[in-house]
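Please examine the sequence and the three-dimensional model shown here. The paragraphs that follow lead from the strands and cores to the charged and aromatic side chains.

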Amino acid sequence: MLSWGANNHGQLGKGDNIDRGSPTVIDDFADVTAIACGSNASAFIDVIGSLYTFGQGDSGFTGHGHEHDLLIPTPLAQFGPAHSAISISCKLFKLHLTGF
């Protein structure tokens, strides 16, 4: 999976806040089935239905129960083989999820 662009909240998933002007590999995430990007946060689903979020945590956007920015893709414990996420979309401070 690749990411690039503005990275002021870690929304590129590279573990830092450095903007990227060209596509850069996000390590260890090859089996991705769905990706969604908002202006300051991102999310993806892997082949077993796990949901990962990263970027701006304001208003609980990343779903981890806090408002801290996440600089790397971080799985939400509620999703995986037993409760698979199917599709996602991101907008400003909103993450929409179907199926689980």
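Helices (H or I, at least four residues) and strands (E, at least two) are taken as DSSP runs and numbered from the N terminus. The model is predicted, and local features need pLDDT of at least 70, side-chain atom pairs count only at pLDDT 80 or more, and totals for chains, interfaces and linings use all residues. Residues are numbered from 1 along each chain as its sequence is written, and side-chain values use heavy atoms, with hydrogens and water left out.

A residue is called buried under 20% relative accessible area, exposed over 50%, and partly exposed in between (1.4 Å probe, protein chains only). A nonpolar core is a set of buried Ala, Val, Leu, Ile, Met, Phe, Trp, Tyr and Cys residues joined through side-chain atoms within 4.5 Å. The largest such core has 12 residues, namely A34, A36, A41, A43, I45, L51, F61, L76, F79, A85, I88 and C90. At least two residues of this core come from each of β3 (32-37), β4 and β7 (87-91), and β4 gives the most, with three residues. A second, separate core has six residues, among them I26, F29, Y52 and F54.

Aromatic residues form the next topic. Rings of Phe, Tyr and Trp (its six-membered ring) pair if their centres lie within 6.5 Å; planes under 30 degrees apart count as stacked, over 60 as edge-to-face and the rest as tilted. By this rule there are four aromatic pairs. The ring centres of F29 and F44 are 5.0 Å apart and their planes stand at 65°, so this pair is edge-to-face. Because F29 lies in the loop between β2 and β3 and F44 in strand β4, the pair ties together parts that are 15 residues apart in sequence. F44 is buried, with a relative accessible area of 1%. The pair of F29 and Y52 is also edge-to-face, because the centres are 5.3 Å apart and the planes at 70°. Since Y52 belongs to strand β5 and F29 to the loop between β2 and β3, this pair ties together parts that are 23 residues apart in sequence. Y52 is buried, at 14% relative accessible area. Ring pairs link F29, F44, Y52 and F54 into a cluster.

Charged side chains come next. A salt bridge is a side-chain nitrogen of Lys or Arg within 4 Å of a carboxyl oxygen of Asp or Glu. The count by this rule is one: R20 and D16 meet at 3.0 Å, N to O, and both residues are buried. A polar atom of the D46 side chain does, however, lie 2.9 Å from the backbone nitrogen of S50. Leaving aside neighbours within four places in sequence, D46 is in contact (heavy atoms within 4.5 Å) with D31, V32, T33 and Y52.

Loop residues complete the picture. D28 is found in the loop between β2 (20-25) and β3; it counts as exposed because its relative accessibility is 77%. D28 has a positive phi of about 65° although it is not a glycine. T62 is found in the loop between β5 (51-55) and β6 (70-75), and counts as buried because its relative accessibility is 1%.

Conventions: Polar contact = N/O pair within 3.5 Å; in protein donor to acceptor, adjacent residues only side chain to side chain.
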